[in-house]
Amino acid sequence: MSGKGLAAGTLGIAGSTIIGLASTAPLFSIAATLGYVVLAVGAQAPIAFIIAFVPMMFTAFAYRELNNALPDCGTVFTWAAKAFGPRTGWFSGWALAVAGIFVMANLAEITAIYILHLVGDGSLVENRVLVVGLGAVTIAIMTYVSMRGVELGEKVQTVLLLIQYAAMAAFVIGCLVGYFTGNAPDATPISLDWFNPMLADHSGMVQAVMLALFIYWGWDTCLALTEETKDPKKTPGRAAILSTVLLLVTYVGITLAVMMYAGVGDTGTGLANESHADDVFYGLASLAMGPLGWFLVIAVAISALSSSQTTILPTARGTFAMGIYKALPARFAKVSEKSQTPTFSTLLMGIISIAYFVGMSMVSNNVLQDSVLSIGLAIALFYGIASFACIWYFRSSLFASARNFFHRFFFPLLGGVFMAWAFVQSAIDMADPDYGNATIAGVGSTFVIGIGSLALGVVAMFAWAAFPESKPYFKKETINKDSKILAPE
């Protein structure tokens, strides 16, 4: 073992990129988002995905530069602590964990629902006990896979991602064949207007970009595995950039094919039909793929299942790194000598995710769904912090070369400003009582849960700071701008 005791040198550029792609659940993400994007901007959906890609790419540059200098599995926690100090670092780690736990509930439910669609007549999906029970089992299985080691995880993710892309390819081919043979339900010729953002309503475009922005989230998982890759100073950063580009091609390509096949009408199979906005692929699968329609349905379940495992990986390694630097109790820093995996952090992530999913489901399914909608706040927060951390950490060399200016200052600045705007705009929107599915004290529950979960992190941080074990961290003894990356004793 080397470094922190993780499985060093396990992942290459291909494995790292696969995990980055799988973390976004590309098939599930586009299936669940495309309808709402079309409702917001109509035929300008493709340009919305392109616009949302730009700030993600700028943020990816910040991640790459920081990873090149500080290849640490704590990612934004470590970088923020070095750039801004222990409290900002701790809070960044908390935001990363909150996003991971909230999205696990969504992924578990989607996986369960699609599996039940395949084995039953649709009535099984209405049984909440069955859905929640099956969802909890999927989290448990993926937690077990994660604890077995990153090498097994890579192999599992490779198979699951191949199934996703095979299904997407078959679906796109089915749509294109239907369009060119005249069998499409609403054949719509591709137009340059689809790429003109000025033709869309301004508020609608803002909403669409916000929706599209967060389906790119997940590519940074490959950076959380930086200490388990070959050439950790270069491979994860390259994989992050490659992942975002491949996601752009995937999302825009599928959007074009589906719009050509189904159109953007608000009736029938049209993508603007509100009755199936939450999953436009489910109704189109059998039309575009015929008897193979079931393959797309099961692939969506696999997409969510795959993402649940790759969500556990960065969250567990984030808390693991916090344990290493004494930002959390020492037990978080434990590593299995056999699997070379942070066992306690991984297991705890699985247990908390199951408890949150089951607990919130028992309280109210509407509140559970609103907690999922609030994820955007945490994501915008830690992406923004990472972007600004890049600028501040490298402040002495920003203008040393043209490359430094763009990669360490200009691109991260644009990404950070956009993420700050996204956080504020999302918070304003979520506070509206009509946003989401429920209200708390007259305010949208999405806002209350999103801001409340982040505020709880401040309370937890000061509570931990009261323990003697935390003093080395908060006194900047274990981590500061000039400190080396730590390994456990």
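Predicted model: local features only at pLDDT ≥ 70, side-chain atom pairs only at ≥ 80, totals over all residues.

Trainee: Let's start with Phe382. Why is Phe382 called buried?

Mentor: Buried means under 20% relative accessible area. Phe382 comes in at 0%, so it counts as buried.

Trainee: Where does Phe382 sit, and what does it touch?

Mentor: Phe382 is in helix α15. Leaving out residues up to four places away in sequence, its contacts are Tyr63, Val76, Ser92, Ala95, Leu96, Ala99, Trp217 and Asp220.

Trainee: What makes Phe382 stand out in the largest nonpolar core?

Mentor: That core has 134 residues, and Phe382 is listed with Phe49 and Phe281 as touching the most other members. Helix α10, residues 235–262, gives the core its largest share, 15 residues. There is also another core apart from that one, with 19 residues, including Phe77, Ala327, Leu328 and Ile479.

Trainee: Ser92 turned up among the contacts of Phe382. Is Ser92 buried or exposed?

Mentor: Ser92 has a relative accessible area of 0%. The cut-off for buried is under 20%, so Ser92 is buried. Ser92 belongs to helix α5. Beyond its neighbours within four places in sequence, Ser92 contacts Val76, Phe77, Ala80, Phe382 and Ile385.

Trainee: While we're on α5, how does it pack with α6?

Mentor: Helix α5 (residues 86–119) and helix α6 (residues 128–147) meet at an angle of about 115 degrees, and their axes are 8 Å apart. The crossing is right-handed. On the α5 side the contact includes Met104, Ala108 and Ile115, and on the α6 side it includes Leu130, Val131 and Leu134. The contact residues split into 10 nonpolar, three polar and two charged.

Trainee: Which contact residues give the charged count of two?

Mentor: Asp, Glu, Lys and Arg count as charged. Glu109 of α5 and Arg128 of α6 are in the contact, so by that rule they are charged.

Trainee: Now the backbone. What makes the phi of Thr75 worth a remark?

Mentor: Most residues other than glycine have a negative phi. Thr75 has a positive phi of about 40 degrees, and it is not a glycine. Thr75 lies in the loop between α3 (45–69) and α4 (76–84).

Trainee: Which other residue has a positive phi without being glycine?

Mentor: Lys326, with a phi near 65 degrees. Lys326 is in the loop between α12 (293–324) and α13 (343–363).

Trainee: Why is Thr75 called buried, and why is Lys326 called partly exposed?

Mentor: Thr75 has 6% relative accessibility, and under 20% is buried, so Thr75 is buried. Lys326 has 33%. That falls between the 20% and 50% limits, so Lys326 is partly exposed.

Trainee: How do you know that Ser303 and Gln164 touch?

Mentor: Contact means heavy atoms within 4.5 Å. With sequence neighbours up to four places away left out, Ser303 touches Ala25, Pro26, Leu27, Phe28 and Gln164. The list for Gln164 includes Ser303 and Ser306. Ser303 is in helix α12, and Gln164 is in helix α7 (residues 150–180). Ser303 is buried at 0%, and Gln164 is buried at 0%.

Trainee: Last one: what makes Leu199 partly exposed?

Mentor: Leu199 has 48% relative accessibility. Exposed would need over 50%, so Leu199 counts as partly exposed. Leu199 sits in the loop between α7 and α8 (202–213) and touches Gln44 and Asp193, sequence neighbours up to four places away not counted.

Key: Residues numbered from 1 in each chain as written. Heavy atoms only, no water. Axes fitted to C-alpha atoms, helices over the stretch in contact; angles between N-to-C directions. Helix = DSSP H or I, 4+ residues; strand = E, 2+ residues; numbered from the N terminus. Left-handed = near helix turned anticlockwise from the far one by under 90°. Buried < 20%, exposed > 50% of the residue type's maximum accessible area, 1.4 Å probe, protein only. Core = buried A, V, L, I, M, F, W, Y, C linked by side-chain atoms within 4.5 Å.
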